[in-house]
Every structure is written in C-alpha cells, then in structure tokens.
Amino acid sequence: MAITSDVLVVGGGLAAVTAAVSAAREGADVRLVSHKASTLRQASGLIDALGYVPATEPAKPLRDGPPTAGRNLDPDEWPDPEGPLADPFEAIDRLPESHPYRIAGSDALRDGLDLFDDLAGDAYRGGHTDRNALVPTFGGAVKPTARYPAAAEAGLASDDRPALIVGFRSLTEYDARAFAGRLEAAGVPFDAAGAEVEFAEAFRADAKITRVAKALDHDEEIDGVPAREALAKAVAPHLHDVVDGSGGVDRVERVGFPAFLGDDEGEAVRAELAERLGADVFEIPMGPPSLPGLRLEDRLFDALDAEGVRFETGNPVVGVESAADGRVETVAVDRKGRTAPYGADAFVLATGGLVGKGLDSDREGVREPVFDLFVDQPDDRYEWFVDDAFGDQPYARFGVRPDERMRPVDGDGAVQYENVFAAGGVVGGADAAREKSASGVSLATGIVAGRQAATEATQ
Amino acid sequence: MDRQVDVVVVGGGSTGCGVVRDLARRGLDTVLVEKGNLTHGTTGRMHGLLHSGGRYAVSDQKSAEECIEENMVLRDIAAHCVEETGGLFVKRPEDSEEYFQEKLEGCRACDIPAEVIDGEEARRREPYLARDVEKAIALPDGAVDPFRLCVSNAADAREHGARIETHAPVTDVLVEDGEVVGVEIEHETGPGKRVHREPGTTEEIRARHVVNATGAWAGNIGEMAGVDVEVRPSKGVMTVMNTRQVDTVINRCRPKGDADIIVPHETACILGTTDEEVDDPEDYPEEDWEVDLMIETLSELVPALEDARTLRSFWGVRPLYEPPGTGTEDPTDITRDYFLLDHGDRDDLPGMTTIVGGKLTTYRMMAESISDHVCETLGHEATCDTADAPLPGSENPARMEELMDEFGLRSPVARRSGQRLGSRADDVLDEYDPNPIVCNCESVTRAEVQDAVDEAGSDLNAVRLRTRASMGNCQGGFCTHRIASELAQEYPEPVVRDAEDELYQERWKGQRHALWGEQLSQAMLNHMLHATTMNRDGDPANLDESVDFDAFDAGAGSPDASGSGSDEAGSTGTAAADGGRATGDASADGGRATGDATADGGR
C-alpha cells in the first residue's frame, strides 16, 4: 500500500517549504519528504531577490579550445555587473529569457516574498519596501538583499550612523580592520572602524560559533563574569575608535558582531548588549555553519507544522516507481535500505542544485537523479566553465527547464510529466550566485510550483 | 649601485635553490632571482616523487645510480621534506615478465635495494591494489615536498649571506665586451617581499658569473645573452585525488607509458602523467583526455580511483635537453640526465653557465656539480658540504615527536604542523596565542600562516606553497578569505582584497579540470559562499561606478524609510514594478498590511 497525499514535495529547503505551504493554502493535502539537512544552514539567512544583472559577456579567452597554461585573463578587463540594484523587480526584463523569473513572472517573485513575510513574521525585515537593502556580509562587502533578519537591521549600509565592527582574535572568518576598510572602499555613507577583541578566547581556540551562541543564550560565567557583560566589557574600550573624515572622533552608534549573538535568546542578548554599550547592536551574516540559516530553517519547519503539512526527513526519494499516461503515480522512497512507494496526484521536485545534490554529475554529464528530467548542458565538460572564477559560469545555470507552470520540459520543449513540477535550485537558467537571486528564485518558483501542483491534484 | 656580486643564479626551482645554497655555503656572494614564487616553474608542478632510481634502472642506469645515491642523502639532510613511503613496481597479467626481470636485474646492478613480493603480499601492504596484480618489486621510492625543499634551501642560503629575490623576472642579460657581466631584473612590487599595490622597480645586478638554472625557460635567458639553448619542453599532467588511496608509491612495471604512477603526497594522492613535447613552456593545451587517461589507466592498478573524488589537475613541463644533433623523436626517449653548458667553451661567451635536464631527486648533486664549475671558473677554493649539512627544519627530527604534547593544539593538528615545520616548529608555534586553525582541510594554524607571511609578503600563493593552506578538499572555498584576513595584521585593506582574489582565482584554475561529481558540488558551494554570501564579485569596493546608498532601504525605523530615497529608486523602475504590484498585493494583503503602508507612503 503506497503512502499517498494530494501533493508530494521532494526536498527540504526554502523552495520545498514554499511549495508545500502554498499548495496547502490552495487546499491540497501535502506531504514533504527530504533527505538530509537542507543547505539553509550553509546560507547566510538573507533573502535575496535580485541584486545584479551580471555581465554575460565573458572576458575574452585568448583563443578557443581547451584551457592552456598561458590562457590568462586580465582581471581589469572583466566587465562589471549592472548593479547593485535598488529595485529588484524592474530589472527582471533584462535577464535572459530562460531565467526562471522571466518564465514565472515578476508577480511570482512578489507573491513569494509576501508568503515569506507571512511565514517569517517579525524575525525578518525589509517587507516595508520594494527596495533592496545593502547589508554588510562577513567578508566586508555590502550586498543587496530583499529581506534580512531583524538582528541585521541596525547594520544596513544606507544608515549613516557611525559603526564599529567587532572581530575576535580567535575567530578567523574575518579581520574587523580589513572589514571596516572594505566598507570604506565601497563608499558607504558612514564612518566605520574595526576592532579585534579578546572574548571568544575564553573558549577553546577553535570553538564553534554555536558554542559561543549558547554561552550568550545562558549568560554563562566566563572567569566569574556573565558572558554578555564580559562581551560588552571587551568591546567598550573601542566605542570611540571611529574617526570621521575631518579627523574628529565619533562615539559609535551601532556595533556589529559575527552572527553568534545567542541562538534561542538572540533578542535578549542583543538588547542587553545594546544597553550596556549604549549603541544599537547588529549581527553580520556569516558562512557555514550559519546561525541565521539554522534559525530560518527552524522557523520554516515550524511553519510547515502550522500549515498542516506532514513531513519526514532522512529518507531520500530515489526514483520513479510507477508512471502511466505521462504521469508519475508513485516514487520510490529509500527508508533505511528498503524502498517504499509514495503516491500522489502531483509532485514538486525541490531537491536543490549541485550543492544540495538535486543535480548529480560525473565525467560524462549532469543529470537529475529523481525523475531523470532533462538537464540542458554542453556535451563537452570543458564547456561547463569559464576561466574567471566569478565569470558567467555555465555550470552555475545548470538545472531543469520549466514551462510557465514550472513543469520540466525536455530538449524539444515538451512537458515530461503532466503532474511533476520543479522549484528552487534544481531549476536552471538563473545564475543565482552572481545575481544574488537564490532565495527569490526559490520563492518565485516554489509558489508557482506549489499552486500548480495543488491545482493539478485537486482539479 | 655598482657593487658587484660573485654570482647571480637565475631560476628559483630546485636546481637554482640548490645552487644558491651551495655557493653561499662556500662563501660566495650570491643572489637568486626568480620571476615568480620559488618553485614557480617545473619544480612546483611535479608529482613529488623521490626516485629510488627504479624507474630508470633499465633505460638509463647512470640516472638510476644518481637517484639512489641522492635519495639516501635527502632522507638525511631534508627529513622534514621527505616521506619515506616506499614504492612498488607492480605487474599486471598483461605486463611483460621479461621486463619485470630486467627491471629487477637493473635495480640490483644499480645498488637499489629491491625485493620481489607476490600479489597477496602487495595487497596486504596496499589493500586497494587490483586483485589481479601478480607481483611487485618493492624499493625505496618516497615522496618529497618540492616547495618545502626549495624554501629550506633558500632559507639556508640566506642564512649564509645570499639574497633571494622572487617576483623579479630577468629582463635582460648584460653583455659587455663579449662577456656576460650580470642581469637586469624587474621587481614587480619593489625589492624584497611581494606586496600587492606596491610599485615596481628595475635593478641591474652585476656579477662575476651568471648561472642560468631556468630549466624549460633556459632558452629565453640564452636568447637574451645571444646564445642558443635548445630545451625540448615536454608537458605532463598530474591529477590530485582527495585522499590517499595508497600509502606507497605505486608504479606500473612496464617499459614506458603514460599514466603509470601514483604518488601519495601529504593528504592526497597524485596520479601521473603524460609526456608530450610542447613549443612553449608557458602556453600549451591542458586537455581533458589527459585527465581521463590518468583515471582510467591507473584504475587498472587501483580500481577505487575510478569513482574517487578528484580535486584538481595541473600540468608541468620537463626541461628535457639533448646535445644538438641527437635527434630523438619521442620525448619519452630523451635522456633524463643533466647537462652543464659552459657558454665560454661552447659559444665563446664567458661569464655564464646554463644547467638543463635532470630531475628533482638529484637537484643537490646537480647543484654541487655546477657550483664546482663556478668556483673553478672564479678561482674560488672551497669544498661542498651540502650532502652532510641538514636543511633548516631538518636539524633535529626527534624534536617533532615532542611537539605532540607541547602546544595548545589538538594532536593531529600538532602532528601536521610538526611535519611541515620540522625542527622550526617551536619557534613558529610559540608566536601566537590564541592560535586558531585557518585552513581546516590541511589543519594549518594562524602561526604557520603568519610565519609564511613574514617570508612571502602578501603573496598568498607563496603562503599556500609553504603551508599547504587551501590545498585540501575545499580548494580554498572555506579558507581563502580566512588566510587573506591574516594579512590584515600587517597590510591595509586593498592589499588584503587583491591577495584574496588572486589566491581564489589560482585555486579555480586547477579545479576546472576536476569539475564533476563531488568537486563540482564543492565548486558550486564555493561559488555560493563567495559570490552569494560574501558578494565578492559584486562588491561596490571593486566596481567602477559608485553606489547611491540613499536609493536603498535604510531600515523600517530609519527616518529615510519613506523619505526621498524611494523616489530615486522609483524613477528608474516604478512603471514596471507598479504594474506588477496590483495582482501581487491582492493575493497577499493579510501578511503585508503594515509593510505596504510604509512603502506606499514613500511613493
């Protein structure tokens, strides 16, 4: 007996949750199956929509054919992207026609962001405007994003209050002095200083940031001083480090920390620090493991519960088990080595891209392993890349090709299965990394795929 | 300015570093100039095999004898650069028995300790060997770290008064009255350490003798002096695996052929290689068939390689040379022996000697022979002690063991640091507290990175070569920015940024040849981290046009939230955006009531 639902969503990231919730809100009975921890924990927790229209003209190689030892490119010749974009919506028309935003439409992005605002509640900000915000990220570069955690709000780069960036000597992710220098090089409208302080040394040299977060959550004592007080004391001597353009010293009005200011008690930790320092406190989004990413993941799975979506994690969907008349009837789910059929009237594939293993590859080619859907790609793997690491990488756009209902199509444009829809990183055509569009693509394709799957299942 | 040194050595590979050490220890005033990093050319692009000589035991017994002799020397003087892995020449059913016997006899004739073991014993030593491997010859091959070896030679030379200038390409060889009298060099970022954004300078170095130790590039230097040096560069691919499938050097026991060796090296295995003559040592195709050939052919010896993860591939060019008129067709047949060309005798141009051919294992012997020649030419009497004097870092191998307990590091990290630093570990690791790990894949700590920065300036590729930071599975994805951040202790921000970009792009180059399966996923993850999360590609600090910060969201609570800024943003995109809003709002009123109010107010 197959386990059945109206809609079965395969995957556990932002796109999968978006599709599941939007299908449920259309009245469908939805089940979500995900394999392992989603890639959200590797993401910064920022919700990007569209920050750039990247240059698609590659820096010209000296000649065609395989790379050569001497085929160097001049970094000064690399074309700049268009952006950062203040308005993510108006630029959509300038993306390639095969881009998921062009296919799903800008309304899908807008609806997706609305749904996100609803699910995230007051933990996220940015919904008050169409405009992107510029958020300082942990390398010191500012980046355009549509929604940001409330904890990051005081750090926005369009805010002109002087800021202190705090780094820790035992934390190697960034150096606060270089961070501040980089903000200055970007021309931000505020004065900034960076200070490397001692605090996390109280923990083992390579303590994970989750360990520090927990200490702040519980206000553990460090050498007899509660953690929050100890942290404030470490930072306090630097509150006058900012020197303005005319050489005057300003007291900082906001202080940025790596995103480890508590896990469950983040708000209280920030409030106490702000009070002790007499300045607003903000978190700088970090790389993996990312607390903002983990917090978002928790919040999204809570939302699934609230929406009545049943979900199970730990079991991969390994393939189609039965199909007839151009429709998938059941998929095979690997449950601890034994496969079980899961049936549904419609399926949403949201297994992610190359990182999440929604796309698999070997020396011969790239494929989509669950439904064996068509993935457009050059035959020669030496055409999957360009020489500039940050260039228009063909591999970055790999994925299935959807129609306007987000049903994957084959090389001739014919729908592969009437009742299979795709969302998120597994959908090709976007260069999410350079566009800063990863979350937006997940939201836009997720909402369309979810609604369409519900329609397909309940009609 | 007109100060004259005794010798300028051109080329910072193993030969040049060996020569400058030897001459400096003999008391000559010596300068080494290298156009890139130390090991920039061929030395840094080899598989790291410390030959036992077995490879040449049939075809070239003179080279074989030199190899085994020097192999034993390096185990003593360069213990911290050598891993005594041992080697096997394995025979598959289709490989010739006759050749196997010839190989064995050749080894014995050259005094290479060799022992025949059966297939079962071979698999007991190396469990991943193919089941149909019949037997093997075990001999003392090893692995050597060419970077550490060169750096140690250069460091020792400097301790003996030599000057080392990297990133200093020779732009001219100075010839006066039919004699070479020195070189003109260009310091890319001024003399001394390389630091990004420092302006370049040129310098004339006058010398009593010039040694051209530029290997595959020897012809270029020759040309500047007006003499012909016909090197026949031959390229070979090396493919890096993500783990050590074998802990012993595995050679295929057959006459010659591509893809016949696996060298365990640090945390990885390196598969090699091809042998194809190329026209230009700097510009030759790097082709996918070469990578495929490594994996497919060597899977016959170690089947696990077929599906194993490949991190990257790189190519090197051998500086093969044969005397004019020899006319060997196939580059694999050209001798691996070295040649010393005295341009006074050969071309009637005194003042310069070129050394070409040879191999890393015999670098010290080559250096000794050319140093003898230079001393004789200059009438300088001194004896060579490089076969007995340990290199810096190898003075006290027993000390490494003690490090395990001593530092506030988890022991596998201390072990790795100790292996890389050798007897210098005390001095280096004592410097930093806290001493967090900067590169997780290779367990490289801050102290090691800072030590390398002291030596190499902001050149993170040089730091990488010294420490192995960024050379593991993630290929710099998780550590390029962390390594660069270490520069901030000493250098201003733009230097940090440039150095970071340079290292990241360098790491990308090799990964292009490994872009499938796990490593393609890794590449995408790296791309997402550096482009999506860190916005390194779109950072306004790097863009030509300045950013209008007022056009962006300054926060719901800021006075600007509904102020003038939004007009500006609206002016470019209002029409399209507004058109799209009507339907969007309709479906999601509930969630946005307050948000919309503010935003609309701004319009």
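Two residues are in contact if their C-beta atoms, placed from the backbone, lie within 7 Å. By this criterion, the contact between the two chains takes 91 residues from chain A and 84 residues from chain B. The model is predicted: local features need pLDDT of at least 70 and side-chain atom pairs count only at pLDDT 80 or more, while totals for chains, interfaces and linings use all residues. Residues are numbered from 1 along each chain as its sequence is written, and chains are lettered from A and ligands numbered from 1 in the order in which they are written.

On the side of chain A that touches chain B, the elements giving two or more residues are α3 (106-120), β4 (133-136), β5 (142-145), α4 (176-186) and α9 (432-435) of chain A. Here helices (H or I, at least four residues) and strands (E, at least two) are DSSP runs, numbered from the N terminus. The largest share of this side, 8 residues, is supplied by α3(A). By class, this side of chain A has 38 nonpolar, 24 polar and 29 charged residues; Ala, Val, Leu, Ile, Met, Phe, Trp, Tyr, Cys and Pro count as nonpolar, Asp, Glu, Lys and Arg as charged, and the others, Gly among them, as polar.

Because 9 of its 11 residues are buried, α4(A) is largely enclosed by the rest of the structure. A residue is buried if 20 or more other C-beta atoms lie within 10 Å of its own, exposed if 12 or fewer, and partly exposed in between, with C-beta atoms placed from the backbone. Among the buried residues of α4(A) are A:Phe179, A:Arg182 and A:Leu183. Their cover includes β4, β5, β7 (163-168) and β8 (192-197) of chain A, together with α15 (480-486) and α16 (493-511) of chain B. After α4(A) comes A:Gly187, whose phi is positive, near 80°.

Attention now turns to chain B. Its secondary structure comes to 19 helices and 22 strands, and buried residues make up 58% of its 603 residues. Chain B is divided into domain 1 (1-48 + 145-230 + 326-392), domain 2 (81-141 + 231-323), domain 3 (431-540) and domain 4 (554-602), with bounds that come from an automatic or database domain assignment. The C-alpha centres of domain 2 and domain 3 of chain B lie 30 Å apart. Their contact takes 11 residues from domain 2 of chain B and 12 residues from domain 3 of chain B. Strand β18 (residues 310-321) of chain B gives 5 residues, the largest share of the domain 2 side.

Two packed helices are described by the angle between their axes and the distance between the axes. The axes of helix α1 (residues 14-25) and helix α5 (residues 146-159) of chain B come within 8 Å and cross at roughly 25°; axes are lines fitted to C-alpha atoms, for helices over the stretch in contact, and angles run from 0 to 180 degrees between N-to-C directions. That makes α1(B) roughly parallel to α5(B), since angles under 35 degrees count as roughly parallel, over 145 as roughly antiparallel, 65 to 115 as roughly perpendicular and the rest as oblique. Residues making this contact include B:Cys17 and B:Val20 of α1(B) and B:Leu149 and B:Cys150 of α5(B). The contact of α1(B) with α5(B) has 8 nonpolar, 3 polar and 2 charged residues.
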